[in-house]
Amino acid sequence: KDGRPRPRGGRRSAGGSGEAKLEEAKLEEAKPEPAPMPRPQKSKAKEAPHVPSAEDMTRHLEYTRRAEIYYAYQQIENLYQPFTSSHAEANFQVALFLINTLAGGAPEVVPYGCSVLRILYTLARNAKTLGAYKLARYAYDRLLLLVVPEREREKMELDMLTIQAKPVRDMQELLPVCFRCHSTNPLLNPFVGNLMRAAGRGAPGSSLLMSGDVCTNCSHPFIRSFVSFEVLPLVEFVPAEGVTDEEAIDLIRTPPQEASKRRLPGQHKKGVGGGGGADTWEADEEPAIASMQASDGSDLFTEALNRTLAQQEGHTAAPGEFKTDNDGPAKGDAAGHIPIVCDAACLLTLKREEVYILRPRLEIAMQSGSSDADATEAAKKCKETSDAMGPLDKNATPPQRGVARCRFFRNMLPDIPIAVSQPAGHFFLEEDFELGLLKEGTCPFSRQSQAAVNDYGPL
């Protein structure tokens, strides 16, 4: 009656009942340890690396999205279990994440076991508590389109009456701010009409442009802490064309006192009169590198960010392209997002304590369950796969970066400590992450042991 399908005993879902979870826990405790499988003999002939196809990467992104939704929805489901602690702000953020994330996919596909009614009711109730009265009104209006169980109808109708006495506005402190373009976003993405029409059994028809848990101005995804689901001050960037991931990491790790002595791509050695002078480097004929080095000393990353925002708004053309009056806005990915491109000079100025990386998912999968001696071999195989994939296509759908190549992020507020879990592929507030490690002994998301997520700091 509440719009949520009943979980069957043979299917394990994150939104299952308490009995199903208890049976699953008993099975995990009772199952015997599997016998070690013999390692297959390595053939002398070198095998060609497997190149993930577009279908493989699409399937990977869909499975990742479902894992995030199930993990977040488990917190909603726990609210309906007895003796469960509740925090209004955390419940509000996780419900907001679920609503915006579900709206970013196909409207008719809601993962098995997830109740839109419980998500909306959790969002409405906690939005009313925190002062987001406009969002609470909208959520209650959507609930009127659903079949509400009798045991919850009276309380819900009372909340709908009391919300009418509140002002039609949201608290300014609750509005999320994009750390990429510094624009203030509404709590609910305006492009969530698909999900709401699906919940109301209407005909889906609104555009998916810029939908999901992203900024409505620049389409940069909100990077959330996967414990409290607060928005983290992380901005993603990519190395420029011709700079590999290994070179980018090496440039970022270069100490400031050695930066002037390092040769960058597009430079040659400059002769110095005298015998005791230090080696210096000057730019070749490449004007981009010369202009970056002739800067007035401002942050090169900020210059690259402003240049990307201007390009996305259609004021400038992409590097190597000529923009005419008939050209429209610059083309990014499917959601209109253009990544920040940092060349070698910009990467050299970044502070390593402000940069976080997510290692390729392919490398993490190869290292799963292997010993430390196999970690180097897994990284080598991942590099061979990325080389076999050829040059990185920034306009590929789905995007290639993240599967066989690293993802780079910069912390725009270094005073906020952040932790990254490589097996999970997600970020956390350092305090929440360390508390989860001490409490459970595993990563909060991936359930990997503490030894697997020991290095969770910046680059």
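This is a predicted model: local features need pLDDT of at least 70, side-chain atom pairs count only at pLDDT 80 or more; totals for chains, interfaces and linings use all residues.
Me: Left-handed or right-handed, the way α4 passes α5?
Reply: Left-handed.

Me: Which residues make that contact?
Reply: On the α4 side they are Leu-117, Leu-120, Tyr-121, Leu-123, Ala-124, Arg-125, Ala-127 and Lys-128. From α5 come Tyr-133, Leu-135, Ala-136, Ala-139, Tyr-140, Arg-142 and Leu-143.

Me: Staying on α5 for a second, which of its residues are buried?
Reply: Tyr-133, Leu-135, Ala-136, Arg-137, Ala-139, Tyr-140 and Leu-143 are buried in α5.

Me: And what do the buried residues of α5 pack against?
Reply: They pack against α3 (88-103), α4 and α6.

Me: Okay, α6 then. At what angle do α4 and α6 pack, and how far apart are their axes?
Reply: α6 covers residues 150-162, and α4 packs with α6 at an angle of about 40°, with the axes 12 Å apart. That angle makes α4 oblique to α6.

Me: What's the hand of the crossing of α4 and α6?
Reply: That crossing is left-handed.

Me: Who's in the contact? Which residues of α4 and which of α6?
Reply: α4 brings Leu-117, Arg-118, Tyr-121, Arg-125 and Lys-128. α6 answers with Arg-151, Glu-152, Lys-155, Met-156, Asp-159 and Thr-162.

Me: How many of the residues in the contact of α4 with α6 are charged?
Reply: Seven are charged, alongside three nonpolar and one polar.

Me: Changing topic: how many helices and strands does the protein have?
Reply: The secondary structure has 15 helices and eight strands.

Me: How much of the protein counts as buried?
Reply: 42% of the 459 residues do.

Me: And the accessible surface, what does it come to?
Reply: About 25,700 Å², with 53% of that belonging to carbon and sulfur atoms.

Me: Last one. Among contacts between residues at least 6 apart in sequence, how many join residues at least 24 apart?
Reply: That would be 66% of those contacts in the protein.

Technical notes
Residues are numbered from 1 along each chain as its sequence is written. Side-chain values use heavy atoms; hydrogens and water are left out. A crossing is left-handed if the near helix is turned anticlockwise from the far one by less than a right angle, and right-handed if clockwise. Helices (H or I, at least four residues) and strands (E, at least two) are DSSP runs, numbered from the N terminus. Contact means heavy atoms within 4.5 Å. Axes are lines fitted to C-alpha atoms, for helices over the stretch in contact, and angles run from 0 to 180 degrees between N-to-C directions. Angles under 35 degrees count as roughly parallel, over 145 as roughly antiparallel, 65 to 115 as roughly perpendicular and the rest as oblique. Ala, Val, Leu, Ile, Met, Phe, Trp, Tyr, Cys and Pro count as nonpolar, Asp, Glu, Lys and Arg as charged, and the others, Gly among them, as polar. Buried means under 20% relative accessible area, exposed over 50%, partly exposed in between (1.4 Å probe, protein chains only). Accessible areas come from the Shrake-Rupley method with a 1.4 Å probe; for residues, only the protein chains shown count as cover.
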